[in-house]
Amino acid sequence: RDGLPNEPHPRVQLEDAVWYEVMHNKVFVKKVPSEMARSWGWVHRGQKIQVAPQTILDENKREWVELTFLQLARSCPERLCSDDPLGRGFALVDGDHLGLGALLSGPLPAQECPECLEEAQCTAEERVTLRRLSGQPLQIQVKPGDAVARLVAKAQKILQAQVTLAHEGKLLNLDEPAAELAGKEVDLVVMPPSPRAVTGCEDGSIRYWDLESFSCLGSLEGHRGAVWALDADLPSRLALSGSADTSLILWDLERLESLRSFEGHSGAVCCVSADFQRKWAVSGSDDGTLRLWSFNQRSELLSLRCRHGTAWSISASCEDQAAVSGHEGGSVQVWNFQEGHDAMPHILEGRHQGLVQVVQADFQHSKAASGSDDGIYCIWDISRMVCTYLVQGFNVPSVWSMDRSFHQSFAALSGSFDGSLELWDLRGDEPLQSWRGLSVCTLASDFTAKRAVGGTYDGR
């Protein structure tokens, strides 16, 4: 082991690690970076492995990667029972000199990195390959019971575009089982972007808009009070609204009709966050509760009491069974729904003074963002419960909008009562760009498409 770089602490390994995909049927994991060395075991084609960011050259100037401590434990568990349980593991990157071609591919871009350990460990036979006209194909894991809708949702998340899938010349229905596609190639077609917006109105209606022609595509009626909360999945043409009449309604935007209503709150519904693919949602009300819902039943799955009053904003994840909510008085609360009726939130305080009217969370990266009407915008590390970035806007009262990948883009947009609109990079103290227009009371943005939609106090 002489000449090897020092092995960093496992925590540092995880912070700096990158991902590679295994391209050959079997790639041996060696005890030292040498083809003649003994092996701990091997990894299989299609698996994604977590490795140190720096490659290592052997005596023949060939590149190797070092598996992280946790990756080595997962891929070669027998090492832990050997006479060298703290040994290191290395994999050769290219096998051209052996006539094998590329053995590993990487580092992978962020959108192709696995979301969980289970996805990382699955082989090529457990994945569907989505073949594109241009660009690298996408590899997506399928599990028993998965439908084509899950493949579409995953591809749309990666590509940030609407897609459809075809196999053997036939378009695939979203309800079709996906398991039979495992190990096969499927054609992926990226649909032209469809600029749409959905708004909730004081008269209780939902309006569906075409942003190219600035025309209303339809109005949906069903609420008996003002619509205070709205979430939508425009590629799948679904929306969920919450109203002052205490109800929630799930809408089909394609057919312009309601699919189901949900009753349970005793006060106005002030915020909603939905996972339309998993048919799951969370709502907050001025009755002081958060409620979890399944689209398959009308009654709530779980009801939780908020410690700091009404939740006015929420970002939730069905996969992680967690949420971040924003409250009046400047409180931001982090919830773990796996604790059931006994769930008690962690409170993030000391930054906001006003009403926290927008939050966004990325639980895979332990990050959250919040914006309040006193002009303050924060990014939080929710693993340590600390604020890592803070911007004080120049105009109050303010309304904020943020990117879903806020912790990577650091982008935010603010609007205010005086009609100013400002684009921010959270790493600086000054806005990147400013515009003057109408005073806005709500704001939504698509930073990839460079579009923003605002609602005004006079109903426009």
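Predicted model: local features only at pLDDT ≥ 70, side-chain atom pairs only at ≥ 80, totals over all residues.
Colleague: Which residues touch the most other members of the largest nonpolar core?

Modeller: Elements that give two or more residues to this core include strand S1 (18-22), strand S4 (48-51) and strand S7 (90-92). The core holds 21 residues. Those that touch the most other members are Ile49 and Leu104.

Colleague: Beyond its neighbours within four places in sequence, which residues is leucine 104 in contact with?

Modeller: Nonpolar side chains tend to be buried together in soluble globular proteins. The contacts of leucine 104, with its neighbours within four places in sequence left aside, also include a glutamate, Glu21.

Colleague: In the hairpin of S5 and S6, which residue takes a positive phi?

Modeller: Strand S5 (residues 56-57) pairs with S6 in the antiparallel sense over two bridges, and leucine 57 stands opposite glutamate 63 in S6. Five residues lie between the strands of this hairpin. The residue with a positive phi, near 65 degrees, is lysine 61.

Colleague: Which peptide bond is cis, and what is its omega?

Modeller: Most peptide bonds are trans. Proline 107 lies in the loop between strand S10 (104-105) and helix H3 (117-121). A cis peptide bond joins glycine 106 and proline 107, and its omega is about -5 degrees.

Colleague: Is leucine 181 buried or exposed?

Modeller: Leucine 181 lies in the loop between strand S14 (170-171) and strand S15 (185-190). With its neighbours within four places in sequence left aside, leucine 181 is in contact with Arg127, Val128, Val148, Leu151, His167, Leu172 and Val186. Its relative accessible area is 4%, and a residue under 20% counts as such, so leucine 181 is buried.

Colleague: How far apart in space are leucine 181 and valine 142?

Modeller: In sequence, leucine 181 and valine 142 are 39 residues apart. In space, C-alpha to C-alpha, the separation is 8.3 Å.

Colleague: How many residues of H4 are buried?

Modeller: Helix H4 (residues 148-159) has 12 residues, which should span 16 Å at 1.5 Å a residue; its end C-alpha atoms are 17 Å apart, which agrees. Among the buried residues of H4 are Val148, Leu151, Lys154 and Gln156. H4 is largely enclosed by the rest of the structure, because the number of its residues that are buried is nine of the 12.

Colleague: In the hairpin of S17 and S18, which residue of the turn has a positive phi?

Modeller: Strand S17 (residues 206-210) and strand S18 (residues 215-220) pair in the antiparallel sense over five bridges. The bridge partner of aspartate 210 in S18 is serine 215. Four residues lie between the two strands, and the one in the turn with a positive phi, of about 55 degrees, is phenylalanine 214.

Colleague: In S22, which residue is the bridge partner of leucine 250?

Modeller: Strand S21 (residues 248-252) and S22 pair in the antiparallel sense over five bridges. The bridge partner of leucine 250 in S22 is arginine 260.

Colleague: What phi does threonine 246 have?

Modeller: Most residues other than glycine have a negative phi. Threonine 246 lies in the loop between strand S20 (238-243) and S21 and counts as buried at 17% relative accessibility. Although threonine 246 is not a glycine, its phi is positive, at about 80 degrees.

Colleague: With which residue does the side chain of glutamine 333 make a polar contact?

Modeller: Glutamine 333 is found in strand S29 (residues 332-336). At 0% relative accessibility, glutamine 333 counts as buried. A polar contact of 3.4 Å joins its side chain to that of histidine 327.

Technical notes. Residues numbered from 1 in each chain as written. Heavy atoms only, no water. Core = buried A, V, L, I, M, F, W, Y, C linked by side-chain atoms within 4.5 Å. Buried < 20%, exposed > 50% of the residue type's maximum accessible area, 1.4 Å probe, protein only. Contact = heavy atoms within 4.5 Å. Pairing = 2+ DSSP bridges. Polar contact = N/O pair within 3.5 Å; in protein donor to acceptor, adjacent residues only side chain to side chain. Expected span 1.5 Å × (residues − 1).
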